[in-house]
Amino acid sequence: MSIIYKYLNREIFKNFGIILMVVVCIYIAVDFFEKIDDFMEAGLPFSRAAWFFIYNIPFVTAQIMPVGLFLAILVVFGMMSKNNEIVALKSSGISIYALLWPVVSVGVLFTILLFFLSEVIVPISTSRANEIWLREVRKEPAVNTREKNVWIKGNRTITHITYYNSAEKSLHGISLNRFDRDFNLVRRVDAKKGVFKNGRWVLQQGMVQTFDQKTGEYRIDFFEDQAEELDFLPEDLKRVMRKSQEMSFKELFNYIKKVEAEGYDATVYRIDLQAKIAFPFVCIILCVLGTGLSFRGRVREGLPVVVAYGLGIIFLYWIFHSFCVSLGYGEMLPPLIAVWTANAVALCAGILILMVAE
């Protein structure tokens, strides 16, 4: 039996390597032709562009690992089924569950590797890639996003935001400082909250301090709602805010604790935290599902059909997963249920298909 296990593992790793290499090369090629003009317009050397694409490879690898493993299993068992090797194994008294163990062991190994890649390498590489793209290519305003405090330097303005809720497009704890040409503070606006409505920011429950050049003193006015021209849009904040994939599990967990300790909503980040746990386990689930589908004899028509079949299943899974996560972002489902529902359904489907195939 060890010979069969070694054969399955070798074939799975070989096909996975081919699939991963092809997908990564295609992604880099498409991304290169899409963004190389931006690098040239920014006047950056080719080495900076090369480093940007290199930094993106770990993220692409982490995203494609479950899909590549699933397709590799379908290809291996599909070719074995086409060559009647599955029939020969069954005739020898080998159960489908006996062949499932080496596949699941590979899934466990990939789960560990994916968790390590997502926790250690991807946060660092993604952060550096975003820094090159935002700071050097897009020339975004100088922004410091240490933890939840955001500092934005605009045209003679410095804005501080205590917390930004991307789901609601709302600002919390805003301080806007405007300066004259000699960098003297001429106007300061402090508000408890700000929301983006009808293409502009509306600040709520705030205070305005305006410098009076005649008296040399600041005039103070209070307001409940006031439209204010800011140097950024919600899309700009979403790009420059530190994303969940740039943080490890521990960093994101501590970030959530700090946000909620100050009374802010951290539902979006709680969903991302659950996703950091749920996503690596997709490898094991897809191993079970792929084995069951292969033994039902539905992937015997050749390599192109096998790949199309696998991509179709992944597409349905991803649509269902995205739908559940969207319900979680909209606070219609708890974060735990929103993230794990698709995995639970896929696992149940894989077990059911295995039982029917056996």
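Helix H4 (residues 96-137) bends by about 45 degrees at valine 122. Proline 123 follows within four residues of that bend. The bend at a residue is the angle between axes fitted to the seven residues ending there and the seven starting there. Helices here are DSSP runs (H or I, at least four residues), numbered from the N terminus.

The model is predicted: local features need pLDDT of at least 70, side-chain atom pairs count only at pLDDT 80 or more, and totals for chains, interfaces and linings use all residues. Residues are numbered from 1 along each chain as its sequence is written, and side-chain values use heavy atoms, with hydrogens and water left out.

H4 has 42 residues, yet its end C-alpha atoms are only 53 Å apart. A straight helix would reach 62 Å at 1.5 Å a residue. The expected span is 1.5 Å times one less than the number of residues. Just after H4, lysine 139 takes a positive phi of about 55 degrees.

H7 (residues 267-295) is kinked by about 30 degrees, centred on valine 282. Its 29 residues should span 42 Å, and its end C-alpha atoms are 41 Å apart, which agrees. Of the 29 residues of H7, 23 are buried, so the rest of the structure largely encloses this helix. Buried means under 20% relative accessible area, exposed over 50%, and partly exposed in between (1.4 Å probe, protein chains only).

Axes are lines fitted to C-alpha atoms, for helices over the stretch in contact, and angles run from 0 to 180 degrees between N-to-C directions.

| Pair | Axes come within | Crossing angle |
|---|---|---|
| H4 and H7 | 8 Å | roughly 155 degrees |
| H2 (residues 46-82) and H4 | 7 Å | roughly 160 degrees |

H4 is therefore roughly antiparallel to H7, a term for angles over 145 degrees. H4 passes H7 in a right-handed crossing. The residues of this contact divide into 17 nonpolar, 4 polar and 2 charged.

The angle between H2 and H4 makes H2 roughly antiparallel to H4. Their crossing is left-handed. A crossing is left-handed if the near helix is turned anticlockwise from the far one by less than a right angle, and right-handed if clockwise. The contact of H2 with H4 has 23 nonpolar, 6 polar and 3 charged residues.

**Proline 334**

Proline 334 lies in the loop between helix H8 (303-329) and helix H9 (335-357). At 43% relative accessibility, proline 334 counts as partly exposed. Proline 334 and isoleucine 271 are 63 residues apart in sequence, and their C-alpha atoms are 8.5 Å apart in space.

Notes. Helix = DSSP H or I, 4+ residues; strand = E, 2+ residues; numbered from the N terminus. Parallel < 35°, antiparallel > 145°, perpendicular 65-115°, else oblique. Nonpolar A, V, L, I, M, F, W, Y, C, P; charged D, E, K, R; others polar.
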